[in-house]
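Hello,

Here is the structure I said I would pass on. My notes on it follow below the model.

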Amino acid sequence: GTNGGRVGSFVAWLRPEKIGHDPWSKSCLAILGYTEESYNGLTQAFWDRIHPEDIEMVRAAQAETLVTGSFYDIICRIIRPDGVTRWIRERAAVERDAGGSPIRFLGVCLDVTEEREMAAALQQSEVRSSFYDSALDHAPLGVAQVDMKMEVIGANPRLHQILRVPPGDLTGKSVAACL
């Protein structure tokens with residue numbers, strides 16, 4: 001897991017007099033691999049964790065937010081002190097003073113590593129499944145898929161051809177009834 005939280009909040013000051021006083025929640029610190037003792041209050045602590053290949057994307061998202069005044073919502077990688085790479089989703093908006101000058105970013109970060117891994121695994125299984133389905137559909141042998149009760153839950157076109165039954169006609173029948 002993430003040692004303490006999957007969602008954290010943060011403030012990143014943009015005013016020189018406030019730099020070094022960025023309050024981060026305990027769960028935000030935990031997501032990034034900091035303790036309250038090891039975190040120095042500096043925005044640089046965030047940049048120290050961002051995966052080198054993702055730094056420009058994160059900088060561009062923040063820069064666009066400063067220009068447009070909207071918020072950014074990005075997914076990037078971090079590298080924790082133990083060397084483990086995690087995925088975070090970060091959403092932040094810029095707060096401005098009465099004159100329109102940026103004061104600080106207010107945001108949340110969410111550890112989305114498990115979701116990313118599950119999505120990748122699902123995509124892999126769908127690729128495998130479609131490969132096997134295609135292989136079975138074109139196999140020269142008759143093949144049936146059966147459940148624990150020995151009932152047919154699927155059969156390839158060749159098996160239907162061999163048994164001289166219309167496509168789908170075997171589904172739901174016991175294996176014994178098909179022979």
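**Strands and hairpins**

Strands β2 (residues 71–79) and β3 (residues 85–96) are paired antiparallel, with nine bridges between them. Please keep in mind throughout that this is a predicted model. One of the pairs across these two strands is Tyr72 with its bridge partner Ala92 in β3. Five residues separate β2 from β3 in a hairpin, and Gly83 in that turn has a positive phi of about 90 degrees.

Strand β3 also pairs with strand β4 (residues 102–111), again in the antiparallel sense and over nine bridges. Here Arg91 has Val108 in β4 as its bridge partner. β3 and β4 likewise make a hairpin with five residues between them; in this turn Gly100 has a positive phi, of about 95 degrees.

**Thr65**

Which residues does Thr65 touch, leaving aside those up to four places away in sequence? They are Ser70, Phe71, Tyr72, Ala92, Val94, Arg96 and Phe105. Thr65 itself sits in helix α3, which covers residues 55–68.

Is Thr65 buried or exposed? Its relative accessible area is 1%, and the cut-off for buried is under 20%, so Thr65 counts as buried.

**The chain as a whole**

The protein chain has six helices and six strands. Read from the N terminus, their order is β-α-α-α-β-β-β-α-β-β-α-α. The chain is more spread out than a compact globule, because its radius of gyration is 27 Å, whereas the globule rule gives 16 Å for 179 residues. Along the principal axes, the C-alpha atoms fill a box of roughly 85 × 35 × 25 Å.

Of the 179 residues, 31% count as buried. As for contacts between residues at least 6 apart in sequence, 39% of them join residues at least 24 apart.

On charge, the chain carries 19 positive and 24 negative side chains. The centres of these two sets lie 3 Å apart.

Regards

Notes:
Residues are numbered from 1 along each chain as its sequence is written. This is a predicted model: local features need pLDDT of at least 70, side-chain atom pairs count only at pLDDT 80 or more; totals for chains, interfaces and linings use all residues. Side-chain values use heavy atoms; hydrogens and water are left out. Helices (H or I, at least four residues) and strands (E, at least two) are DSSP runs, numbered from the N terminus. The radius of gyration is taken over C-alpha atoms; the globule rule is 2.2 Å times the number of residues to the power 0.38. Buried means under 20% relative accessible area, exposed over 50%, partly exposed in between (1.4 Å probe, protein chains only). Contact means heavy atoms within 4.5 Å. Lys and Arg count as positive and Asp and Glu as negative; His and the chain ends are not counted. The place of a charge is taken as NZ of Lys, CZ of Arg, CG of Asp or CD of Glu. Two strands pair if DSSP finds at least two bridges between them.
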